[in-house]
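Okay, thanks everyone, I'll keep this one brief. Have a look at the model on the screen, and then I'll walk you through it.

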Amino acid sequence: GLSHQEVGAWVAKAWKLPTQIEAIVRFHHQPSECTEATELVSWVHVSDILSRAVSWGSGGDRRIPIVSEQVWKKLGLGINETQKLLKECSTEFAKACVYLEVF
């Protein structure tokens with residue numbers, strides 16, 4: 001009955017990770033509920049959704065959540081910035097895949 005955010009936040013706390021990391025893990029799907037590390041949780045929120053949208057990861061379903069409007073505004077992301085970000089991430093993802101194939 002627990003979400004992966006709740007379990008992840010519990011693990012972060014048990015491992016005595018910084019409270020900001022615990023907050024990011026707990027609130028990356030509900031960034032508007034977070035009161036600390038708000039910019040970092042916003043970036044993780046966007047990253048999670050964009051990575052699912054371009055099939056770089058899986059949340060265990062085919063659902064692609066909607067990015068919080070508050071996050072778009074907070075980070076100042078528009079279509080041009082998002083396209084540039086995806087292009088840069090695609091390049092870095094390709095580099096990482098080559099590196100990981102070595103192992």
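Setting aside anything up to four places away in sequence, Leu77 touches Trp43, Val46, Trp72 and Thr82. Keep in mind, by the way, that this is a predicted model.

So what does Leu77 belong to? It's part of the largest nonpolar core, seven residues in all, together with Val46, Ile49, Leu50, Val67, Val71 and Leu75. Two elements give two or more residues to this core: α3, running 38-53, and α4, at 69-75. The largest share, three residues, comes from α3. And there's another core lying apart from that one, with six residues, including Ile24, Cys34, Ala37 and Val41.

Now α3 itself. We have 16 residues here, and from first C-alpha to last the helix reaches 23 Å, close to the 22 Å you'd expect at 1.5 Å a residue. Which of its residues are buried? Val41, Ser42, His45, Val46, Ile49, Leu50, Ser51 and Arg52. That list has Val46, Ile49 and Leu50 from the largest core, and Val41 from the other one.

Lys16 isn't a glycine, yet its phi is positive, near 60 degrees. You'll find Lys16 in the loop between α1, 4-14, and α2, 19-27. Ala37 also has a positive phi without being a glycine, about 55 degrees, and sits in the loop between α2 and α3.

Buried or exposed, then: how do Lys16 and Ala37 come out? Lys16 counts as exposed because its relative accessibility is 73%, and the cut-off is over 50%. Ala37 counts as buried because its value is 14%, and that's under 20%.

The C-alpha atoms fill a box of roughly 40 × 35 × 25 Å along the principal axes. Of the 103 residues, 25% count as buried. If you take contacts between residues at least 6 apart in sequence, 37% of them join residues at least 24 apart.

Terms used: Residues are numbered from 1 along each chain as its sequence is written. This is a predicted model: local features need pLDDT of at least 70, side-chain atom pairs count only at pLDDT 80 or more; totals for chains, interfaces and linings use all residues. Side-chain values use heavy atoms; hydrogens and water are left out. A nonpolar core is a set of buried Ala, Val, Leu, Ile, Met, Phe, Trp, Tyr and Cys residues joined through side-chain atoms within 4.5 Å. Buried means under 20% relative accessible area, exposed over 50%, partly exposed in between (1.4 Å probe, protein chains only). Helices (H or I, at least four residues) and strands (E, at least two) are DSSP runs, numbered from the N terminus. Contact means heavy atoms within 4.5 Å. The expected span of a helix is 1.5 Å times one less than its number of residues.
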